[in-house]
Amino acid sequence: MATFDLVFEGGGAKGIAFVGALEVFATAGHRFRRVIGTSAGAISAALVAAGFSPTELRAAVTERTADGRPRFATFLDRPTEKNFSSQLIERSETMSAFSAVHLPGVFGERILETLLKTTAYAQVFSIIECGGFFAGQTFLAWLQEKLRQKGFDPDATFAEFHQQTGTDLSVVASDTSDEELLVLNHRTAPQCPLAWAVRMSMSIPFLWQAVEWDERWGSYRQRTKTGNAIVDGGVLSNFPIGLVAERTPETLSIMGDTDPQAAQNLGLLIDETLAVPGVPPIVNKPKLVNHLRTVQRAAHILDTMMQARDLDVIRQRATEICHLPAKGYGTTEFDMSAERLEALIAGGRSAMTAYLQTLQL
């Protein structure tokens, strides 16, 4: 039995592999001290920090809607006119274009309101004005529901969450306005709501709308971020193991001055080069994603970019990383079949079993 600082990599739907790894981790009696994650890893980190057991995590990832669809598939929620504020519409590029051709503002607004009632244009407007095809509101509501399930205020801030749990949770996001990596926790952003932090962290560019930092969320490391556009942490660090492994003045100020001997580092890496044993092929590809080839292309580009950026730290920390097989799985494969989902979880379980056997505990 040992204590670890856990690091969860981003990877969209492939993050389901974490469930199997955590099942083995918990069965072995191991504990965690600090927990940090990016994107899909941020979701897992938040749920683990909130007290979800591996059994409860499994139940969460296998949830189905009333019509039998995987609940995760609903996270690809197409925006409607209700997702766009009047202020956003007024300052939009579309309204600027109407003004340029001398279309009176009132007529332009009516035309735009009519266009936004159509799904196709609402998504075009969303990618132009908000940076993503999907709204992300369904995911936010789901995470808030999970926090409520564990007795937390769905809008609990990092400060409130830490006070209630004593858990040291960090979520990684990317500030595209200031071109800066954000590590959100009770030290750096105490007034930021946990659910919104995870929503920012999972905002894969071009897929989900970027999140504008709300003035009510206070500052980040005593600096204002109001109005800044925040997206997926994987843009700058998809596998932030360096934040728990390094002890520079910068990392200590962000992650806290903890005893390096009191916990080992354990990174959970989603490895697309490792085949998942017994995985069945995709029979029916996700229809929602297939209608948007741009989404698929963006996902592939971002996968490549995120993997390449972290190669150095992966090599340097090789003995502290458990590689979870995910070859052949897609970042946006949220409606994978039950058979493929179970194979991915089983792969994570086998990988963690093998990894723990290599440690001198």
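1. A salt bridge here is a side-chain nitrogen of Lys or Arg within 4 Å of a carboxyl oxygen of Asp or Glu. Glu180 and Arg223 form one, with their closest N and O atoms 2.6 Å apart. Glu180 lies in strand β5 (residues 180-184) and Arg223 in the loop between β7 and β8, so the pair ties together parts that are 43 residues apart in sequence. Helices (H or I, at least four residues) and strands (E, at least two) are DSSP runs, numbered from the N terminus.

2. On the basis of the note: this is a predicted model, in which local features need pLDDT of at least 70 and side-chain atom pairs count only at pLDDT 80 or more, while totals for chains, interfaces and linings use all residues. Residues are numbered from 1 along each chain as its sequence is written, and side-chain values use heavy atoms, with hydrogens and water left out.

3. Overall content. The protein has 16 helices and ten strands. Of its 361 residues, 53% are buried, where buried means under 20% relative accessible area, exposed over 50%, and partly exposed in between (1.4 Å probe, protein chains only). The accessible surface comes to about 16,000 Å², and carbon and sulfur atoms hold 53% of that area. Accessible areas come from the Shrake-Rupley method with a 1.4 Å probe; for residues, only the protein chains shown count as cover.

4. Contacts along the chain. A contact means heavy atoms within 4.5 Å. Among contacts in the protein with a separation of 6 or more, 79% are between residues 24 or more positions apart.

5. The side chain of Lys225 meets that of Glu180 in a salt bridge, at 2.5 Å from N to O. Lys225 is in the loop between β7 and β8 and Glu180 is in strand β5, so this pair ties together parts that are 45 residues apart in sequence. Are Lys225 and Glu180 buried or exposed? Both are buried. For Glu180 the relative accessibility is 18%. Arg223, at 35%, counts as partly exposed.

6. Asp175, Asp178, Glu180, Arg223 and Lys225 are linked in a network of salt bridges. Side chains of opposite charge can pair when their charged atoms come close. By the rule in point 1, the count of salt bridges comes to 21.

7. Asn228, in the loop between β7 and β8, is buried at 11% relative accessibility. Which residues does Asn228 touch, not counting those up to four places away in sequence? They are Asp175, Ser177, Asp178, Val211, Glu212 and Trp213. Asp175 and Asp178 also belong to the salt-bridge network.

8. A pair of sequence neighbours. Lys146 forms a salt bridge with Glu145, the closest N and O atoms being 3.6 Å apart. Lys146 is buried, at 3% relative accessibility, whereas Glu145 is partly exposed, at 27%.

9. Helices α8 and α10. Axes are lines fitted to C-alpha atoms, for helices over the stretch in contact, and angles run from 0 to 180 degrees between N-to-C directions. The axes of α8 (residues 137-149) and α10 (residues 194-201) come within 10 Å and cross at roughly 140 degrees. That makes α8 oblique to α10; angles under 35 degrees count as roughly parallel, over 145 as roughly antiparallel, 65 to 115 as roughly perpendicular and the rest as oblique. The crossing is right-handed: a crossing is left-handed if the near helix is turned anticlockwise from the far one by less than a right angle, and right-handed if clockwise. From α8, Gln137, Phe139, Leu140, Leu143, Gln144 and Leu147 meet Leu194, Ala195, Trp196, Val198 and Arg199 of α10.

10. Helices α1 and α3. The axes of α1 (residues 17-27) and α3 (residues 54-61) come within 9 Å and cross at roughly 165 degrees. That makes α1 roughly antiparallel to α3, and their crossing is left-handed. Val19, Leu22, Glu23 and Ala26 in α1 meet Pro54, Leu57, Arg58 and Val61 in α3.

11. Backbone points to check by eye. Most residues other than glycine have a negative phi, and most peptide bonds are trans. Phe206 has a positive phi near 80 degrees; Phe206 is in strand β6 (residues 206-208) and is partly exposed at 44% relative accessibility. Arg221 has a positive phi near 50 degrees. Arg221 sits in the loop between β7 (211-212) and β8 (229-232) and, at 22% relative accessibility, counts as partly exposed.
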